[in-house]
Amino acid sequence: MQQFVAGFVVALLAVVPVVVFILRKKVSKIRSSQNGHLEQLKELSKLTGGLAHEIKNPLSTIKINLKLVGEELEDSGSAELGKMAADKDGRRFARALRKIAVIQKETTRLEQILDGFLRYVDRAELQLASVNINELVSDMIDFYSPQTNSRSITVRQSLHNEPLICKVDADMLKQVILNLFINAQQAMSDGGELMIRTGRQKKDTIIQISDTGSGIAPDKLPHIFDAYYSSRPQGSGLGLPTAKKIVEAHNGTIRVDSELGKGTSFTIRLPIQA
């Protein structure tokens with residue numbers, strides 16, 4: 001059993017970095033094609049999306065089998081672990097369980113990378129409906145408030161005094177707003193203020209989400225919407241590019257302003273429904 005586990009661990013450790021490398025290389029090719037070959041870009045996007053789906057299926061099987069192997073090892077060794085703890089076999093048994101736990105964590109991380117990648121390349125049709133942006137934003141504030149309360153973040157909201165009706169995919173727009181809330185929260189590790197404002201400028205609805213966090217360095221600011229660019233060690237680098245893609249699919253724009261040490265502000269513009 002231990003030889004099987006050791007071999008399984010080694011094989012999976014070899015597969016994970018290769019898979020990530022392939023995906024990132026494909027995305028790099030897609031981005032380099034954007035100035036010209038539109039059809040090639042669409043085809044590459046389709047191929048990489050299919051590749052990610054194909055990887056996710058065996059990855060799920062690997063996760064399930066890892067869980068079963070870990071449970072089997074624990075069940076078979078629980079009765080003897082006490083007397084084995086001091087000898088060589090006991091230490092090997094404990095190391096095998098730790099290795100399984102590490103691999104489970106890495107497979108989960110890889111699954112999250114794939115999920116983010118699929119959201120980024122997804123070309124699903126928008127499910128458009130007439131939505132009052134004030135109500136949508138208010139719902140998201142209520143939904144996220146427990147997170148801010150537990151992290152000493154004060155929420156300040158100023159919603160436009162009249163309905164702001166836009167033709168949007170509500171679920172996708174909620175995804176964008178949630179992502180910006182999470183970014184703001186991560187930028188305020190010691191607490192601060194999260195400010196949400198809606199308004200109207202001519203034929204556009206404005207959604208502004210600001211924080212009093214650490215801000216973004218001027219040299220990093222031009223790259224924050226680039227795929228796989230992240231200033232955080234654990235960041236996927238796809239959250240903001242996906243948000244930008246969703247906003248632009250609604251014929252809108254998203255802009256960022258930031259000052260290092262003072263905070264960051266994202267401004268979304270969406271066309272008001274005629």
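## Reading a predicted fold, one residue at a time

Mentor: Let's begin with I209, which is found in strand β5, residues 204-211. Keep in mind that this is a predicted model.

Trainee: Is I209 buried or exposed?

Mentor: The general idea is that a residue counts as buried when its relative accessible area is under 20%. I209 has 2% relative accessibility, so I209 is buried.

Trainee: Which residues does I209 touch, not counting those up to four places away in sequence?

Mentor: Contact means heavy atoms within 4.5 Å. By that rule I209 touches I177, L180, F181, L194, M195, I196, T264, S265 and F266. Take I196 from that list: 13 residues separate I196 and I209 in sequence, while their C-alpha atoms are 4.7 Å apart in space.

Trainee: And R95, where does that residue lie?

Mentor: R95 lies in helix α4, which covers residues 88-121. Partly exposed is the class between buried, under 20%, and exposed, over 50%. R95 has a relative accessible area of 38%, so R95 is partly exposed. Together with R91, R92, R98 and K99, R95 forms a positive surface patch.

Trainee: Now the whole chain, please. How many helices and strands does the protein chain have?

Mentor: The protein chain has seven helices and seven strands. From the N terminus on, their order is α-α-α-α-β-α-β-β-α-β-β-α-β-β.

Trainee: What percentage of the 274 residues is buried?

Mentor: Buried residues make up 39% of them. For contacts with a separation of 6 or more, 75% join residues 24 or more positions apart. The accessible surface is about 15900 Å², and carbon and sulfur atoms account for 52% of that surface.

Methods. Residues numbered from 1 in each chain as written. Predicted model: local features only at pLDDT ≥ 70, side-chain atom pairs only at ≥ 80, totals over all residues. Heavy atoms only, no water. Patch = residues over 30% accessible without salt bridge, like charges linked within 9 Å, V, L, I, M, F, W, Y side chains within 5 Å. Areas by Shrake-Rupley, 256 points an atom, 1.4 Å probe, with all protein chains shown as cover. Salt bridge = Lys/Arg side-chain N within 4 Å of Asp/Glu carboxyl O. Lys, Arg positive; Asp, Glu negative; His and termini not counted. Charge placed at Lys NZ, Arg CZ, Asp CG, Glu CD. Helix = DSSP H or I, 4+ residues; strand = E, 2+ residues; numbered from the N terminus. Buried < 20%, exposed > 50% of the residue type's maximum accessible area, 1.4 Å probe, protein only.
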